[in-house]
Amino acid sequence: PVRQLRVVVDGRTYFLDLAYPQQKLAIEVDGFDFHRTRDAFDRDRARQNDLVGIGWTVLRFTSRSTDREIVDAVRPFVCGP
């Protein structure tokens with residue numbers, strides 16, 4: 001995956017935590033400290049909607065997500081079913 005991939009949607013710039021650009025797969029890791037306010041919550045939803053609107057799939061994980069959970073969720077997008 002590419003780290004901090006820059007994606008522009010209608011003039012808004014987003015940096016994806018991790019991305020597989022060919023598959024248009026974004027992997028976001030949401031830390032509670034940075035995503036717990038109402039503003040952050042609302043911004044994250046608008047951002048995700050913008051990305052989905054241009055064909056991206058966004059998978060979201062937290063610091064409690066295990067490596068196995070992440071790999072199992074990402075594998076079908078990268079390796080096929």
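Asp-10 lies in the loop between β1 and β2. Asp-10 has a positive phi of about 50° although it is not a glycine. Most residues other than glycine have a negative phi. This is a predicted model, in which local features need pLDDT of at least 70, side-chain atom pairs count only at pLDDT 80 or more, and totals for chains, interfaces and linings use all residues. Residues are numbered from 1 along each chain as its sequence is written, and side-chain values use heavy atoms, with hydrogens and water left out.

**Strands and pairing**
- Strands are DSSP runs of E with at least two residues, numbered from the N terminus.
- Two strands pair if DSSP finds at least two bridges between them.
- Strand β1 covers residues 2-9 and strand β2 residues 12-20; they run antiparallel, joined by seven bridges.
- Leu-5 has Leu-16 in β2 as its bridge partner.
- Strand β3 covers residues 25-30 and pairs with β2 in the antiparallel sense over three bridges.
- Tyr-20 has Leu-25 in β3 as its bridge partner.

**The β1 and β2 hairpin**
- Two residues stand between the strands of this hairpin, where Asp-10 takes its positive phi.

**The β2 and β3 hairpin**
- Four residues stand between the strands of this hairpin.
- Lys-24 lies in the loop between β2 and β3.
- Phi of Lys-24 is positive, near 55°, and Lys-24 is a residue other than glycine.
- Lys-24 is partly exposed, at 32% relative accessibility; the partly exposed class runs between buried (under 20%) and exposed (over 50%).

Note on methods
Buried means under 20% relative accessible area, exposed over 50%, partly exposed in between (1.4 Å probe, protein chains only).
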